[in-house]
Amino acid sequence: MRTRDDPFAILGVASDASPAEVKRAYRRLAMHWHPDRNPSAAAEAEFKRVHAAYELYCDPQRLAEWQQAASAATDSGAAGGEPGEPGGESSGKRSGNGAAADFTEVMTLTLEEAALGCSKTVDLVHSVRCANCRASGRVQHRNSIPCKRCNGCGRVGGGAGGTSVCTGCAGRGYLRESDCPACTGSGWLRQSRTLAVTVPPGLLDGERLRLARQAPLRPGDEGATAGDLYLEIRLARHPLFVLRGRDVHCRVPVSIYRLLCGGRIEVPSLSGTTTLELSPYPQHPLEYRLRGQGFPHQRRRAAGDLVLQLEHIHPASIGAADVELLERLEGRLASDLEQRAPQLAAWEQQLRARRNPA
């Protein structure tokens, strides 16, 4: 866990909450965000986040290390963080003018989506003030109710068969107020929100898209306006294309016969497919470059190129009819070997010289 991943804030409890309060908050959040119960797209990431926070709280050594690191980061003012972890993260810095902290969320795009632009949705989790207790975490009762911790007697069992004063009610046995059942005493509720986003064309891996005042609010953001949401672009691995700068590279298998004959073939492009005109008897390397058909620029500059590396494919097997046809072709080639295949003509001349030495 990073320094800024406050387990108490994630679980929605105060830093001095009792273990029982923390456990209750964890159980409530785990049940709410469990993927088997919650159909939201953000459920799995939030469930893992809540579970990681509770694991950190339950490990005294790790919790002490986290608190020490958090204190050091606060003292040095280094509350920012490294961008780009799935699930989103707060920058830890107020964005000015009374706004809450900015937030970074990773958005994964296909190469086509990034090149052509697209519409996407982002699932965010906000912390909102609990209306049931007005964010106080406590609810008042018209009539006193028995303390659940001691069942109204004011004392709880202790070691060696003795008893001790109940800390839940200070020995009174009854309560005039208790933790709010809606927010388990934290004063905050977590709500999911889906945000529609228009992604402009031409964003590369690692670039960020800024959405002003769309960052989710966290506990402690009372009265603050939302910070900025930054969507950091990640490009998914593509089955056909490799991006190098803004040039798009693609390996294209082509029949050896088509390479010999030349002509038009269909090849993939970022917008679907396009055509490529092959010259007969191509020279190595078998590479063609289609200008301006690669990855676009955001500004008014020319797009990269689509670079096609052709791979000649031989048939897996050749039948008798194929052999006969190839022999006929070879016979036609031999009739004009000097002009059509000078290297073969020179080779034949060397063999004749060795066959009939002077």
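Hi everyone, this is a short walk through the fold of one protein chain, with a stop at a sheet and a stop at a helix pair. Please keep in mind that this is a predicted model.

Let's start with the whole chain. The protein chain has 358 residues, and 36% of them count as buried. Its secondary structure comes to nine helices and 16 strands. If you take the contacts with a separation of 6 or more, 60% of them involve residues 24 or more positions apart.

Four strands form an open sheet in the order β11-β12-β16-β15, and the pairing is mixed. Which strands stand at the edges? They are β11, residues 241–244, and β15, residues 287–290; each has a single partner strand, so one side of each has no neighbour in the sheet. On average, neighbouring strands here are turned by 30° against each other, ignoring direction. Between β12 (residues 247–255) and β16 (residues 306–313), the pairing is parallel and runs over eight bridges. To find one of them on your screen, look for serine 255, whose bridge partner in β16 is isoleucine 313.

On to the helices. Helix α2, residues 19–33, packs against helix α3, residues 43–58, at an angle of about 165°, and their axes are 9 Å apart. Because that angle is over 145 degrees, α2 is roughly antiparallel to α3. The crossing of α2 past α3 is left-handed. The α2 residues that meet α3 include Val22, Tyr26, Leu29 and Trp33; on the α3 side, Phe47, Val50, His51 and Tyr54 are among those involved.

How values were computed:
Residues numbered from 1 in each chain as written. Predicted model: local features only at pLDDT ≥ 70, side-chain atom pairs only at ≥ 80, totals over all residues. Heavy atoms only, no water. Helix = DSSP H or I, 4+ residues; strand = E, 2+ residues; numbered from the N terminus. Buried < 20%, exposed > 50% of the residue type's maximum accessible area, 1.4 Å probe, protein only. Contact = heavy atoms within 4.5 Å. Pairing = 2+ DSSP bridges. Axes fitted to C-alpha atoms, helices over the stretch in contact; angles between N-to-C directions. Parallel < 35°, antiparallel > 145°, perpendicular 65-115°, else oblique. Left-handed = near helix turned anticlockwise from the far one by under 90°.
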